[in-house]
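Reader: Hi! I have the sequence and the model open side by side. Could you walk me through how the pieces pack together?
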Amino acid sequence: MAANRPRAVFVTRETDYELLIAHHATRGQARFFLETRGQRLEDVEARHDRFHAALGTARAAVPADWRQTLVTRADLNRFLFAPDDVVVAVGQDGLVANVAKYLNGQPVLGVNPAPDLYDGVLVRIGVGRLARLLVASGAGDVEMESRTMVQAELGEGETLLALNEIFVGHRSHQSARYRIEAEGETEDHSSSGLIVASGTGATGWARSIMEATHLELSLGREEHAVGFWVREPFPSVATATKLRAGKITGKPLFITSRMNEGGVIFADGIEQDFIAFDWGRQVRLSPASRVLRLVVDR
């Protein structure tokens with residue numbers, strides 16, 4: 001009996017055109033909506049067509065004896081990845097972060113369908129290079145980066161993973177109250193919340209905080225460490241501001257909620273997919289044991 005061939009799993013998100021049609025029901029209504037705002041449906045439609053042309057070319061690059069399937073970002077939490085899958089994320093950089101937390105060692109190829117529109121920090125592979133890299137990935141003969149991820153664990157067994165960062169704070173971004181413990185030191189805080197970021201995430205939200213606060217941390221993308229940054233801590237008779245940033249390696253960061261309502265923890269900017277973090281709950285934040293294996297095109 002022949003050995004099972006790998007399966008190529010293409011991960012996409014809805015285009016702006018598809019979201020407009022889903023919201024307005026008809027093309028005519030979508031056109032009217034855009035025109036009242038000085039925009040053209042044809043421009044959105046052209047980007048939609050361009051994306052699907054790139055996706056079609058990418059899917060045609062899959063070896064004929066492989067299986068393949070397509071899953072949208074909205075369905076990732078219901079999709080079962082197999083150990084021998086080769087994952088192809090076609091779209092913006094954020095799509096790689098969206099899929100990373102559902103994987104366990106499968107290689108990921110980030111394909112940029114529009115290099116003139118998307119930066120391509122994580123989606124660095126051109127469609128024309130995909131066929132060779134798919135075969136090499138399936139054979140385990142490809143260079144990969146092991147990108148460190150962030151993990152949040154709560155006492156009740158709830159776990160959250162993130163490729164970029166995890167946010168702990170109040171859902172409205174008003175003052176969050178909590179107790180922080182880092183490297184044996186503890187403080188009570190009132191702040192705009194805090195983020196814990198990986199080396200990958202250190203180029204995004206964390207970078208903007210570092211630039212504003214001048215609290216620089218050096219984090220490698222594959223370094224088994226993450227960093228934390230507190231946003232706008234407020235000093236008072238009950239709250240302090242000494243623990244504002246630091247690197248987490250061996251000892252985890254512990255945060256205990258002092259919020260009666262509205263406390264949340266969410267990953268990679270997906271605010272609607274949160275864990276409630278109300279009074280007395282404690283979260284343990286650390287580098288995850290699981291990593292993203294991102295294929296590199298040399």
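**Packing, piece by piece**

Author: Happy to. Leaving out residues up to four places away in sequence, Ile265 touches Ala152, Leu154, Leu160, Ile166, Phe167, Val168, Asp273, Phe274, Ile275, Phe277 and Val283, where contact means heavy atoms within 4.5 Å. This is a predicted model, in which local features need pLDDT of at least 70, side-chain atom pairs count only at pLDDT 80 or more, and totals for chains, interfaces and linings use all residues. Residues are numbered from 1 along each chain as its sequence is written, and side-chain values use heavy atoms, with hydrogens and water left out.

Reader: Which residues touch the most other members of the largest nonpolar core?

Author: Leu253, Ile255 and Ile265 do, in a core of 27 residues. A nonpolar core here is a set of buried Ala, Val, Leu, Ile, Met, Phe, Trp, Tyr and Cys residues joined through side-chain atoms within 4.5 Å. Strand β8 (residues 176-182) gives the most to this core, with 4 residues. Helices (H or I, at least four residues) and strands (E, at least two) are DSSP runs, numbered from the N terminus.

Reader: Thanks! And how does strand β13 pair with β16?

Author: Strand β13 (residues 253-257) and β16 pair in the antiparallel sense over 4 bridges; for two strands to count as paired, DSSP must find at least two bridges between them. Leu253 has Leu285 as its bridge partner in β16.

Reader: How many bridges join strand β5 to β16?

Author: There are 10 bridges between strand β5 (residues 144-154) and β16, and the two run antiparallel. Glu145 is bridged to Leu294 of β16.

Reader: What about strand β4 and β16, parallel or antiparallel?

Author: Parallel, with 2 bridges joining β4 (residues 107-111) to β16 (residues 282-295). Pro107 has Arg293 as its bridge partner in β16.

Reader: Switching to helices: how many residues of α4 are buried?

Author: 7 of the 8 residues in helix α4 (residues 93-100) are buried. Buried means under 20% relative accessible area, exposed over 50%, and partly exposed in between, with a 1.4 Å probe and protein chains only. The buried ones are Asp93, Leu95, Val96, Ala97, Asn98, Val99 and Ala100.

Reader: What covers the buried residues of α4?

Author: The cover includes β1 (7-12), β3 (85-90), β4, β5 and β16.

Reader: I keep clicking on Ser137. Is that one buried or exposed?

Author: Ser137 is buried, with a relative accessible area of 8%. Ser137 lies in helix α5 (residues 130-138). Setting aside neighbours within four places in sequence, Ser137 is in contact with Val86, Pro107, Leu109, Val142 and Val295.
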